[in-house]
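This briefing sets out selected features of the structure shown below.

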Amino acid sequence: MKERQHNFLEQRDPVIGIPASTFRGRAGLIKPVVSLQEVRRRIYLKAKSEKTRRFWGLYVHVCKMETLREAYRRAKSNNGKPGVDGVTFKQIEVGGRENFLRGIQDELVKEGYYPLRYREVEIPKGNGKVRKLSIPTIRDRVVQAALKLILESIFEVDFHDNSYAYRPRRCAHQMVSRVSKKIVCGHRKVLQIDLKAFFDNMRHNTLLEKVAKRVDDPRVMRLIKLIIKTNGRKGVPQGGVLSPLLANIYLNEVDKLFEEAAVRARRNGYGAMDYSRFADDMVITTVHHPGSDRLLEYSKRRLEEELERLGVELNLEKTKIVDIEEGKAFNLLGFTWRLVRSRRGKKYPLLIPRPEKRKAILKKVREIIKRNWNEKLPVVIGKINQVLRGWVNYFRIGHASEVFSYVRWYVEKRVRRFVRKKQKRPGYGFNVWSTEVIYRDWGLYSDYQIRYYRKAS
């Protein structure tokens with residue numbers, strides 16, 4: 001086995017052009033070749049300079065211990081729950097992380113790796129419906145993360161500026177900022193687009209064809225096929241580490257189509273038009289123009305045609321054309337958007353968290369208190385702070401002052417009631433503890449300040 005593994009790792013690197021595992025230094029010593037970061041950088045530069053290049057020999061980098069260690073580190077940083085095998089990170093650390101990764105490497109090198117089925121979890125969406133998440137085992141998460149580390153360097157070059165989800169150094173706040181700027185600059189007609197069960201309806205053959213345009217490595221293609229087939233005959237697991245990258249690959253040609261359409265619209269006299277996407281949430285905005293309605297209707301039909309080829313349908317309940325100049329609102333990325341006028345008469349977009357999002361965070365706080373009734377106060381506050389911090393940091397870029405005030409008041413009230421019940425006393429203790437005690441001494445989260453998004457320089 002060691003001889004076979006040694007020969008496998010001695011395959012020539014498609015980017016660097018020397019054996020993938022070693023090179024000989026001046027003193028004749030065998031030294032490690034370039035780091036994972038350098039390999040990713042060189043693959044990226046090669047993909048950027050040669051737009052039609054198909055990469056071979058990638059599998060060897062997926063199997064390297066350095067790649068698997070980084071994949072394990074990223075998987076652990078998310079602190080996800082175990083899969084169907086019930087194995088946790090703590091159990092892996094007790095048994096030895098290196099032994100765990102060596103076992104994965106051995107399976108990959110011998111091509112004896114087969115992913116386990118996913119653990120299905122239903123997450124309420126707030127509208128009476130549920131979202132099904134598929135949780136892979138930690139072993140499968142490491143393999144998917146290792147594969148993503150290599151493939152991401154290739155496909156990141158091909159992705160377009162109008163795509164913001166699941167990409168390095170990109171986030172939902174950037175898309176929010178982009179749409180806000182377009183509205184400030186005069187965009188008033190909005191085509192709000194939502195896809196119906198996108199992750200569940202991706203066609204495997206279409207996806208593999210898109211990946212194969214850039215990957216000419218049978219082992220990598222086989223590994224991707226094994227991962228997506230575990231979820232069934234179509235779709236990719238919503239919760240898998242590799243799924244977000246595959247989703248962007250799947251919709252990349254749609255992004256390209258509307259990026260070019262925006263250029264043609266300006267050229268043909270329809271005025272400014274803009275398209276942006278975050279996962280399966282898309283939005284097209286245009287300025288007021290005699291042909292703007294016709295342009296948006298045509299864009300909707302054209303999008304339906306492209307999605308039909310991909311086996312994906314529009315969610316007609318959430319896909320609509322909105323004229324915000326008439327006082328109408330639309331929902332995007334958790335915010336409700338309206339056009340309002342400032343005291344100086346200038347129009348700007350007002351962004352407030354959707355009511356469903358406010359209800360969701362308050363429900364989480366109640367559930368934390370209920371589940372941790374027997375815990376001490378610092379433990380309960382620590383768990384409350386964790387969910388509050390993430391929620392507030394996301395929505396603080398909008399105009400959420402009133403919502404934040406209500407959330408702050410409600411959470412403080414629930415914490416006070418929790419302590420009074422533990423003391424077996426009635427009321428909320430407003431005459432016993434001041435607000436300063438709640439936030440300074442007890443440590444309840446208190447940073448509800450609005451901070452508008454600014455792109456890092």
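Rings of Phe, Tyr and Trp (its six-membered ring) pair if their centres lie within 6.5 Å; planes under 30 degrees apart count as stacked, over 60 as edge-to-face and the rest as tilted. By this criterion, Phe335, Trp391, Tyr394, Phe395, Phe404, Tyr445 and Tyr448 form one aromatic cluster. The model is predicted, and local features need pLDDT of at least 70, side-chain atom pairs count only at pLDDT 80 or more, and totals for chains, interfaces and linings use all residues. Residues are numbered from 1 along each chain as its sequence is written, and side-chain values use heavy atoms, with hydrogens and water left out.

**Aromatic pairs**

- The structure holds 19 aromatic pairs.
- In one of them, the ring centres of Phe198 and Tyr250 are 6.2 Å apart and the planes stand at 50°, so this pair is tilted.
- Phe198 belongs to the loop between strand E5 (187-196) and helix H9 (204-212), and Tyr250 to helix H11 (residues 243-267), so the pair ties together parts that are 52 residues apart in sequence. Helices (H or I, at least four residues) and strands (E, at least two) are DSSP runs, numbered from the N terminus.
- Phe198 and Tyr250 are both buried (buried means under 20% relative accessible area, exposed over 50%, partly exposed in between, with a 1.4 Å probe and protein chains only).
- Tyr406 and Trp409 form a tilted aromatic pair, with 5.7 Å from centre to centre and 45° between the planes.
- Both Tyr406 and Trp409 lie in helix H15 (residues 401-422), three residues apart, about one turn of the helix.
- Tyr406 counts as partly exposed because its relative accessibility is 33%, and Trp409 counts as partly exposed at 44%.

**Charges over rings**

- The charged end of Arg358 sits over the ring of Tyr406, 4.6 Å from its centre. The criterion is that NZ of Lys or CZ of Arg is within 6 Å of the ring centre and within 35 degrees of the ring normal.
- Arg53 lies over the face of Phe55, at 5.2 Å from the ring centre.

- Strand E6 (residues 273-278) has six of its six residues buried.
- Met273, Tyr275 and Arg277 are buried on one side of E6, and Asp274, Ser276 and Phe278 are buried on the other.
- E6 runs antiparallel to strand E7 (residues 281-287) and is joined to E7 by six bridges; two strands pair if DSSP finds at least two bridges between them.
- Arg277 has Met282 as its bridge partner in E7.
- Two residues separate E6 from E7 in this hairpin, and Ala279 in the turn has a positive phi of about 60°.

**Helix H12**

- The buried residues of H12 include Leu295, Leu296, Leu303 and Leu307.
- The exposed residues Arg294, Glu308 and Arg309 are carried on the face of H12 turned away from its buried side.

**Three-stranded sheet**

- An open sheet of three strands has the order E10-E11-E12, and its pairing is antiparallel.
- Strand E10 (330-332) and strand E12 (347-353) stand at the edges with a single partner strand each, so one side of each is left without a neighbour in the sheet.
- Strand E11 (residues 335-341) pairs with E12 in the antiparallel sense over seven bridges.
- Opposite Val340 stands Tyr348 in E12.
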